[in-house]
Amino acid sequence: MSGKDVCLVFGTAAVCWMFGYYWTKRQTGLTTTPASFSQSDSPSRTSAQLIPENSEEDARLDGNDLEEDRDHVGGQWYDAVILHASEDEMAARLCQEILQEQVNVPNLKISLPDDIITPGTPTLDGLAILLLKCRLVIIYHSRHMSMDGLMLFGKQANIIQSLDDPQKRNRIIPFIVDGEEMSVDMCTIQPVNYTNDIRSANFPNFKNKMERLFLMWRDKIA
């Protein structure tokens with residue numbers, strides 16, 4: 001069996017296991033949403049996500065009455081967390097630095113999962129509740145993501161929540177790294193082409209798009 005086949009089998013097994021784990025947690029109430037983020041039974045729960053540009057106005061309209069949960073981070077929200085494979089740790093730190101230093105949003109708070117998961121909290125539980133602490137979950141979609149079972153769990157858990165709970169819709173932002181092809185589980189989510197070279201002709205477009213997203217979600221989740 002080739003290395004690619006091994007990765008595919010492992011990734012599929014990890015995703016299947018994740019569905020079972022997350023469903024069990026939901027049934028026991030460990031990953032339920034606080035009252036201020038109560039779930040809806042409306043048909044829109046299964047709507048596909050459409051992120052930046054064309055969907056920005058729709059997201060703004062859908063979220064006008066969004067109430068925030070302040071039982072975390074001293075009552076403050078992170079603007080975004082960067083979900084990444086372990087092999088992309090340094091690259092994700094660079095991404096964090098670029099966003100905080102180049103995007104014109106005051107006091108922008110970008111974090112990585114290890115920085116915000118409460119000490120003593122099991123990693124799987126921490127990854128499953130990122131949307132309760134962060135306005136956006138950025139998925140650093142490199143070639144390494146499909147080979148990291150832990151991060152596959154985190155990715156799927158947050159995608160499921162964004163489809164299941166209208167209050168969390170449109171808050172998953174895939175960053176396409178080095179032209180990596182989108183995985184099937186994110187085929188309904190519009191990605192952002194990540195650019196880490198501030199001298200690139202594409203960087204202003206990336207920068208402006210992220211500024212719009214961060215400011216829009218700050219307006220919705222104060």
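## Strands, a helix and some aromatic rings

Tyr78 stands opposite Cys134 in strand S3. Strands here are DSSP E runs of at least two residues and helices are H or I runs of at least four, both numbered from the N terminus. This is a predicted model, so some ground rules apply: local features need pLDDT of at least 70, side-chain atom pairs count only at pLDDT 80 or more, and totals for chains, interfaces and linings use all residues. Residues are numbered from 1 along each chain as its sequence is written, and side-chain values use heavy atoms, with hydrogens and water left out.

**The big picture**

- There are seven helices and five strands in the protein.
- Going along the sequence, the pattern reads α-α-β-α-β-α-α-β-α-β-β-α.
- Of the 222 residues in the protein, 50% are buried (under 20% relative accessible area with a 1.4 Å probe, protein chains only; exposed is over 50%, and partly exposed is in between).
- Take the contacts (heavy atoms within 4.5 Å) with a separation of 6 or more: 78% of them come from residues 24 or more positions apart.

**The sheet**

- Five strands make an open sheet in the order S2-S1-S3-S4-S5, with parallel pairing. Two strands pair if DSSP finds at least two bridges between them.
- Strand S2 (110-111) and S5 sit at the edges, each pairing on one side only.
- S1 (residues 78-83) runs parallel to S3, and five bridges join the two.

**Helix H7**

- H7 lies across S1, S2, S3, strand S4 (172-176) and S5, running at about 150 degrees to S3. Axes are lines fitted to C-alpha atoms, for helices over the stretch in contact, and angles run from 0 to 180 degrees between N-to-C directions.

**Rings**

- Searching the whole structure turns up five aromatic pairs. Rings of Phe, Tyr and Trp (its six-membered ring) pair if their centres lie within 6.5 Å; planes under 30 degrees apart count as stacked, over 60 as edge-to-face and the rest as tilted.
- Tyr140 and Tyr194 form an edge-to-face pair, 5.7 Å centre to centre with 65 degrees between the planes. Tyr140 is in S3 (residues 134-141) and Tyr194 is in the loop between strand S5 (192-193) and helix H7 (203-220), so the pair ties together parts that are 54 residues apart in sequence. Both tyrosines are buried.
- Phe203 and Phe206 make a tilted pair, 5.9 Å centre to centre with 55 degrees between the planes. They are three residues apart in H7, so about one helical turn separates them. Phe203 and Phe206 are both buried.
- Ring pairs link Tyr140, Phe175, Tyr194, Phe203 and Phe206 into a cluster.
- Back at Tyr78, the charged end of Lys109 sits over its ring, 4.9 Å from the centre (that takes NZ of Lys or CZ of Arg within 6 Å of the ring centre and within 35 degrees of the ring normal).
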